[in-house]
Amino acid sequence: MKRTTAELADGREIIYFDHDDSPARELHDPRKLDPVSTASQMRHDPVLDEWVILAAHRQSRTYHPPANSCPLCPSTSERHTEIPSPDYDVVVFENRFPSLSMHAVGDAGPSLPPLVGSRSGVGRCEVVCFTSDHDAAFATLRPEHARLVVDTWADRTSALAGLPGVEQVFPFENRGEAIGVTLAHPHGQIYAYPFVTPKSRQMLGNAASYAARTGRNLFADVLTGERDSGARVVVTSAHWTAFVPAAARWPVEVHVYPHRRVPDIPSLTDAERDDFAVLYLDVLRRLDGLYAQPLPYVAAWHQAPVSDPLREHAYLHLQVSSIQRAADKLKYLAGSETGMGAFITDVLPEDVASRLR
C-alpha cells in the first residue's frame, strides 16, 4: 500500500491510500475556500449521563448534488473537487463540515443549568472515499480493493487514537438515501470522539459484569453460541462468522465477528484482513439480493476504547443494520423505540438469516 499525505486549500489533511502499482497523485488544491468552522461544542445530559454534540454549522453542508457536481469524485481540468487528483484508489480527508474538530472553540452557550456541563467539541471527523467510481458501491469492489479499505481503516484507527483527547475511534458507512445519506458517492466516515460513546459504555459495562460472574468474555461466548446453533449464521470462513443476532432490533441486522478476539482493526493479521474482505463482500451482496435492489444500511465498527479501563473486555466486530422491513416498507422508530428505547421488530431473525443464506 502506498500512502501519500497532502493539504487541501483550507488546511485540511488529505491522505491517498493506493495500490503499489498506482500512479502518483496530484496533490495541489487550487481552490479558494473559506475557513472550516470550529464552532462545535458538547453538552452533558445529566439524566442519561451522555454527551450531546452541537454542530449547527452542518446545516449548510452539501445536500444531494447531481452526479456531475459530486465533491467526492476526482478533480478534472474543468471542475475541482475535494480530491485534487484526477484519479485515486482510496482517499481520506478531514470533513469540511465536521461535528468534531481538533481546533474546536465552541462556546458553552447562554444560561446553561448548573447540572449541564459543556466543553468544546474537540475531536476529528474524516471522510473515507472507497473508490473513485461514482456509480460503484462497497459491494461491487474487488476483494483486493476492499482489503485496501480495511488497511485504510487500520491506519486511521491508529493515527486518530494517538490524537490528544481522543477516547474512541469509530469507522462507519451510511449507505442509501433512506438512511439519510446526502452524497451518493460510495464513502464512509470515521469519528474520533473525545468520550466513550453511550452504546460502547453499555456493551462494555455488560461485558465487565459478565466477566466478573463467569471469568469469560461476553462477546466470545455470544459468537460461540451462534456458531454452535447455526440457526442464524449467514456465512462463515476460516477467520470470520456473519450471523443475525438472536435478539436483532432491526428488520435486517448482521453481525460480523472475527474468530480470534482482538480489540481493534489494527490488531488483525494479514490473513484475517484478506478473509474479511472476501466474506464482507459476500454479506453485502446477499443483503442487496434481499429485495433485488440496493439495501440502505449502516455498517458500524465496534472497537475498543483508546484508554478506558473497560478496553480489556472489548471484542472487535462489525454490525450492519437496515431499516428496510419489506421491499416497499421502512421501519420507523415510533413510540416504544423513540420514547423508551424498547425495540419491537416485525421479522424473525431466523427468517432473515435463512433468506440471506
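The largest nonpolar core holds 52 residues, of which Phe138, Trp153, Phe276, Tyr280 and Leu287 touch the most other members. A nonpolar core here is a set of buried Ala, Val, Leu, Ile, Met, Phe, Trp, Tyr and Cys residues joined through side-chain atoms within 4.5 Å, where buried means under 20% relative accessible area (1.4 Å probe, protein chains only). This is a predicted model, in which local features need pLDDT of at least 70 and side-chain atom pairs count only at pLDDT 80 or more, while totals for chains, interfaces and linings use all residues. Residues are numbered from 1 along each chain as its sequence is written, and side-chain values use heavy atoms, leaving out hydrogens and water.

- A second, separate core of 14 residues includes Tyr16, Cys73, Val91 and Leu183.

**Helix packing**
- Helix α1 (residues 143–161) packs against α4 at an angle of about 120°, with the axes 9 Å apart.
- The axes are lines fitted to C-alpha atoms over the stretch in contact, and angles run from 0 to 180 degrees between N-to-C directions.
- Contacts (heavy atoms within 4.5 Å) link α1 residues, including Val150 and Trp153, with α4 residues, including Phe276 and Leu281.

**Sheet**
- Three strands form an open sheet in the order β4-β3-β6, with antiparallel pairing; two strands pair if DSSP finds at least two bridges between them.
- The edge strands are β4 (50–54) and β6 (118–120).
- Strand β3 (residues 41–45) pairs with β6 over three bridges, and Gln41 has Ser120 of β6 as its bridge partner.

How values were computed. Buried < 20%, exposed > 50% of the residue type's maximum accessible area, 1.4 Å probe, protein only. Helix = DSSP H or I, 4+ residues; strand = E, 2+ residues; numbered from the N terminus.
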